[in-house]
Protein chains: 2
Amino acid sequence: MTPVMRPYLSATSSFASGKSSPRDFLELCLGDLETWEPKIGAFVAVNLAGARAAADASTKRWRDGKPLSPIDGMPVGIKDIIETFDMPTEQGSPLFKGYATQRDAAAVAALREAGAVVVGKTVTTEFASTTARDTRNPWDLSRTPGGSSSGSAAAVAAGILPAALGTQVIGSTIRPASYCGCYGFRPTVGAINRGGSYDYLSQSSTGTIAATLPEAWQVAYEIAIRVGGDPGFPGLFGPARAPAAQKPGRLAFIETSGWALASPGARRAMEDALKRLAAAGVELRTRASDPKVAAVEDAIVAARQRSGDINAWESRWPLNTYRDRDASKLSDHALDRLKQAEAMTIEDYRGLIAERARARALYAALASDMPATISLSAPAAAPVGISWTGEPACTVHASYLGIPAISLPLLRDEGLPLGLQVVGFEHRDADAFATAAWIEHALA
Amino acid sequence: MTPVMRPYLSATSSFASGKSSPRDFLELCLGDLETWEPKIGAFVAVNLAGARAAADASTKRWRDGKPLSPIDGMPVGIKDIIETFDMPTEQGSPLFKGYATQRDAAAVAALREAGAVVVGKTVTTEFASTTARDTRNPWDLSRTPGGSSSGSAAAVAAGILPAALGTQVIGSTIRPASYCGCYGFRPTVGAINRGGSYDYLSQSSTGTIAATLPEAWQVAYEIAIRVGGDPGFPGLFGPARAPAAQKPGRLAFIETSGWALASPGARRAMEDALKRLAAAGVELRTRASDPKVAAVEDAIVAARQRSGDINAWESRWPLNTYRDRDASKLSDHALDRLKQAEAMTIEDYRGLIAERARARALYAALASDMPATISLSAPAAAPVGISWTGEPACTVHASYLGIPAISLPLLRDEGLPLGLQVVGFEHRDADAFATAAWIEHALA
């Protein structure tokens, strides 16, 4: 059974006339939920009664010609590190089994305010880090959907939801989007308010996984205008509808440390895409042709290691309190990370974030030359097995650099989805979308 | 009954010999708790069994010559917007009556790791904002202790605790310290990890209220080295013991909008202090003598209004989810703030933080000329009545500018305590302490 995504924005045109409705749309989604969920295990919890009531209210608004936003009535999933008043927030951890906070996170409150229909909480790895739960990839049930936003990507890929929230501190949005053939968007750090998300890391951001590129934008936009970015940050910049395609005069191909790990199929697919972009008239810069690109490649060689160190220190709390409460409910990975953190000093951390700031400045130096850079979203299709969520070598640089990244499901490897990644510049998320829209068209 | 503070660091010298002990010290504190608490209402919850057990463990460590830190055994209070695993976190709101999160906030976890003895949760105004609870000032029970860190200041002033945590986004640490005659320290924004504190505002920081200046430093320092600052921030900079007194060659007197409101007694007290500092050889700059000081005064005239606007937008969430849950349990102030936020746009917010950044740059321009600036901590002694926590005109500039502030209980008004405020520069909290230590000595 081949999974088919279910776009929402295009469906809304028939809502005003009553030919269709958000409730009808939701029931189609719930049909796919029934079919797919037993196979893929994308959800921790669902609130179907709540979703149906919300869809009915939305149906009335569309019929009255008064939708709250373009995504009014859109069924959405919420990664289970993000609070919802009506469902627990278990964070992929047995320590938080049934944990209920009785409030919505900022992003969730904004989505409801925009009329979106919250269907359920989607599976996350433990604390959005490494230890996988049992979600499977709808393209091949023997494979991981990627992580940590595992359930969000699997549910969107299977057509259960047109969009879902993810978060990314290493590769947690772009990687599962790549493996599951979805559109993924990890915004500039701070662009989406993380209030009420159990995600405290300085290079993490809340993003979207969606059935189409415009939906990946729209969901993020509707959140940002209602609750802004993280406090003190200016929030997501860009237009009220997804940026129109804009042909880039120039792009840089960033190999990242993932290129050396790329499978033959992934390598062929990317090389072919690069050829077609060049043939369409885009000037492509590489580490060989542009010293500024080479400087970026050098600055991100150790991004994985350094991101791990930064995340460890920043996870010292709350992992210490969780260990004190019940260490037996933490994974070995979590206990190891805590041990690593406890061997670090605040001076170590200061050195790490100073180095990260230098790498960010090197990347930002490209911003005057081009609207975005491109890379693979992952070095290969989803690996077989569900205990490892896959290699993050292609995604970690965008997290480390604090910049926006988009995964487009345009490539294939082993007959399975593989993402082409468009990585933008700080606060220029909209330019990355305009470039991505053009690339999607050019490679179609 | 005149309240007397109870310093801890000086008491520890007799712990190794067994002549005294952390447990003995705690019992003295609990004696004052019994005497004072019925009068002042500083606590929301206490865990006396837990505190006694922690004090006994500390007693053993001191006897073994292995204290975990200089504050091992120090009884501390935790402002009730900050999570503790053993007590609820009610945030000064009936909506959160009995709300238990089963974990310690970052600052609390660090304090316990340093051996500190968590005695209880101290009263905060509703969501650390405006609406007062019923705490009274131990210097005059008919007066407010100030807010929002009301209970922390009242408990320290009454000798129940040598130190307690506060937070400040407008004046919530410095003002109650001033009114209660304590030492108060609001660090540079981001210097103390706010994880697990229900405090999401971009110009807020967690700080300390203490019985002595070195204790205000030590408690903050012990937290910062264990859990750092807010993620992405370098954390509190400075030495392992409170900075030694250092005579400033030059200081600026910042009037703030509070000077025009100063009571005759406060004005006399400050003018006298300025005279004595000048007589001791400190060059004093003012808005009249230094255009850079005048530029700062101009830039902070609207700090109160703009801080209120910034805080409103940043409080849109979670106040919206609280209103949806049960609006009847929110104060009128909270509902008004939410209404204000809902009339704002993200563009309004961007304009506000851009303007704040410009004001910060103007203040930072003074940093090469002097180690700190000075002001009143409040325009008068604590006002009569407990429904209003007092005028923030003297404190809001430090919050708006994101810089460290210290309140020294060196002045008097109406025979009651009044603070002299030492305001430093970003990340130069230690210089502000060194200056404050010298001022304390010079004015003694």
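Is A:I300 buried or exposed, and what is its relative accessible area? I looked this residue up first. A:I300 is buried, with a relative accessible area of 4%; buried means under 20%, exposed over 50% and partly exposed in between, with a 1.4 Å probe and protein chains only.

**Entry: basis of the model**

I note that the model is predicted, that local features need pLDDT of at least 70 and side-chain atom pairs pLDDT 80 or more, and that totals for chains, interfaces and linings use all residues. Residues are numbered from 1 along each chain as its sequence is written, chains are lettered from A and ligands numbered from 1 in the order in which they are written, and side-chain values use heavy atoms, without hydrogens and water.

**Entry: surroundings of A:I300**

I located A:I300 in helix α8 of chain A; helices are DSSP runs of H or I with at least four residues, strands are runs of E with at least two, and both are numbered from the N terminus. Leaving aside neighbours within four places in sequence, I found A:I300 in contact with A:I254, A:T256, A:H397 and A:L401, where contact means heavy atoms within 4.5 Å. I also looked up A:V396, which lies 96 residues from A:I300 along the chain, with the two C-alpha atoms separated by 8.6 Å.

**Entry: α8 against α11, chain A**

I then examined how helix α8 (residues 291–300) meets helix α11 (residues 346–364) in chain A: the axes come within 9 Å and cross at roughly 155°. Axes are lines fitted to C-alpha atoms, for helices over the stretch in contact, and angles run from 0 to 180 degrees between N-to-C directions. α8(A) and α11(A) are therefore roughly antiparallel; under 35 degrees counts as roughly parallel, over 145 as roughly antiparallel, 65 to 115 as roughly perpendicular and the rest as oblique. The crossing of α8(A) past α11(A) is left-handed, a term for a near helix turned anticlockwise from the far one by less than a right angle, clockwise being right-handed. From α8(A), A:A295, A:V296 and A:A299 meet A:A359, A:L362 and A:Y363 of α11(A). I recorded the residues of this contact as 6 nonpolar, no polar and no charged; Ala, Val, Leu, Ile, Met, Phe, Trp, Tyr, Cys and Pro count as nonpolar, Asp, Glu, Lys and Arg as charged, and the others, Gly among them, as polar.

**Entry: α9 against α11, chain A**

Helix α9 (residues 303–326) of chain A has an axis that comes within 10 Å of that of α11(A), crossing at roughly 135°. That makes α9(A) oblique to α11(A), and I noted a left-handed crossing here. In α9(A), A:R306, A:D309, A:I310, A:W313 and A:E314 meet A:I346, A:Y349, A:L352, A:E355 and A:R356 in α11(A). The residues of this contact divide into 5 nonpolar, no polar and 5 charged.

**Entry: salt bridges**

I found 58 salt bridges over all chains, each a side-chain nitrogen of Lys or Arg within 4 Å of a carboxyl oxygen of Asp or Glu. A:E27 pairs with A:R23, the closest N and O atoms being 2.7 Å apart. These two residues are 4 residues apart in helix α1 (residues 22–40) of chain A, about one helical turn. I list A:E27 as partly exposed at 31% and A:R23 as partly exposed at 26%. A network of salt bridges links A:R23, A:E27, A:R52 and A:D56.

B:D290 counts as buried at 5% relative accessibility.
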